[in-house]
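Thanks for coming, everyone. Please look at the screen while I walk you through one chain.

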Amino acid sequence: MAEITTATTAGKKKAVEVFDSEEALAVSLAKYTADLSEKFCKERGCFTVVLSGGSLIESLRKLLEPPYIESIEWSKWHILWVDERVVPKDHVDSNYKLAYDGFLAQVPILPGNVYAINDALSAEGAAEDYETCLKHLVNMKVIEASSVSGFPKFDLMLLGMGPDGHVASLFPGHQLCNENEKWVTCIKDSPKPPPERITFTFPVINSSAYVALVICGAAEAVAVQRALGKDQNSDVLPVQMVSPEGELKWFLDKDAASKL
Ligand SMILES: O=C1O[C@H](COP(=O)(O)O)[C@@H](O)[C@H](O)[C@H]1O
């Protein structure tokens with residue numbers, strides 16, 4: 001049985017849902033994503049979905065089954081990545097490869113609507129190139145622009161979190177957490193390998209219409225406690241900086257929520 005807490009602070013909606021198992025979480029995440037797909041396809045004629053790497057992809061598996069595999073308007077989906085490792089697309093560390101093998105290869109999303117980074121470029125070049133790609137999609141009105149921030153406003157951003165509280169490739173204490181002009185930037189000293197990555201910045205993450213933070217496992221429990229429990233620590237974790245214009249929903253399994 002899932003336990004749900006909702007709150008509205010400063011006009012922002014936040015919900016936290018704790019599931020008995022990762023399986024139950026995956027079922028709920030599929031319905032949540034399918035409902036948003038229906039809403040945005042109806043309202044905008046398309047649905048922009050931003051993926052993370054890591055364990056998130058496995059948690060999307062229920063979308064590959066009935067009823068969603070038949071009912072979702074896959075041809076209206078546009079897929080981007082909140083972060084990517086600067087490695088070839090067929091490399092074991094590639095977030096594109098992870099998503100392709102585990103999800104994209106099994107759904108009829110149009111290949112032209114899948115925006116992978118250019119893996120022939122340096123980290124700086126790939127970040128600039130991806131930002132140019134986002135600007136083009138905003139001009140084409142595939143991605144909305146936020147009337148509040150001017151940054152791109154994605155329909156749904158699906159974020160994971162590492163045990164250290166990092167989201168995307170924004171790591172605790174790293175100066176990139178404070179980047180407030182660029183849309184996409186690069187990191188060359190990632191504490192988690194591989195060291196070179198590109199990542200959306202917080203202004204882009206926080207301009208989203210919907211953000212789902214999908215977190216499973218006991219290894220994440222301390223960071224979840226710091227973010228959602230009564231925390232005395234004054235250092236702010238990246239996950240605590242996620243505060244979208246629209247709605248934020250935490251999907252936690254009971255192990256990740258075990259210290260709450
Ligand atoms: O390196 C990364 O890690 C995070 C968290 O991954 P997880 O396996 O602990 O869920 C992921 O969200 C990010 O996209 C990835 O590049």
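First, the ground rules. This is a predicted model: local features need pLDDT of at least 70, side-chain atom pairs count only at pLDDT 80 or more, and totals for chains, interfaces and linings use all residues. Residues are numbered from 1 along each chain as its sequence is written.

Now the overall picture. The chain holds 7 helices and 12 strands. Helices (H or I, at least four residues) and strands (E, at least two) are DSSP runs, numbered from the N terminus. The radius of gyration is 17 Å, close to the 18 Å that the globule rule gives for 260 residues, so the chain is as compact as a globular protein of that length. That radius is taken over C-alpha atoms, and the rule is 2.2 Å times the number of residues to the power 0.38. Along its principal axes, the C-alpha trace spans about 45 × 45 × 40 Å.

How much of the chain is buried? Buried residues make up 43% of the 260. Buried means 20 or more other C-beta atoms within 10 Å of the residue's own, exposed means 12 or fewer, and partly exposed is in between, with C-beta atoms placed from the backbone.

On to strand E11, residues 210-215. Here 6 of 6 residues are buried. Tyr 210, Ala 212 and Val 214 point one way, while Val 211, Leu 213 and Ile 215 point the other. In a regular strand the side chains alternate between the two faces of the sheet.

What does E11 pair with? One partner is strand E8 (residues 156-159), in the parallel sense over 4 bridges. Pairing requires at least two bridges found by DSSP between the strands. Leu 156 has Tyr 210 as its bridge partner. Strand E12 (residues 247-253) also runs parallel to E11, joined by 6 bridges. There, Val 214 is partnered by Phe 251.

Next, an open sheet. Its 3 strands come in the order E5-E10-E9, with antiparallel pairing. The edges are E5 (83-85) and E9 (184-187), each pairing on one side only. From one strand to the next, the twist averages 20 degrees. E5 and E10 (residues 197-200) share 3 bridges. Asp 83 stands opposite Thr 199 in E10. Helix H5 (residues 123-139) lies across E9 and E10, at about 165 degrees to E9. Axes are lines fitted to C-alpha atoms, for helices over the stretch in contact, and angles run from 0 to 180 degrees between N-to-C directions.

Two loop residues now. Tyr 115 sits between helix H4 (95-102) and H5. With 18 C-beta neighbours inside 10 Å, Tyr 115 counts as partly exposed. Leaving out residues up to four places away in sequence, Tyr 115 touches Ile 79, Leu 80 and Cys 133. Contact means C-beta atoms, placed from the backbone, within 7 Å.

Val 148 lies in the loop between strand E6 (144-145) and strand E7 (152-153). Buried or exposed? Val 148 is exposed, with 10 other C-beta atoms within 10 Å.

Last, the ligand. Of the 13 residues around the ligand, Ser 52, Gly 53, Gly 54, Ser 55 and Gly 160 come nearest. A residue is near if its C-beta atom, placed from the backbone, lies within 6 Å.

Methods
Contact = placed C-beta atoms within 7 Å.
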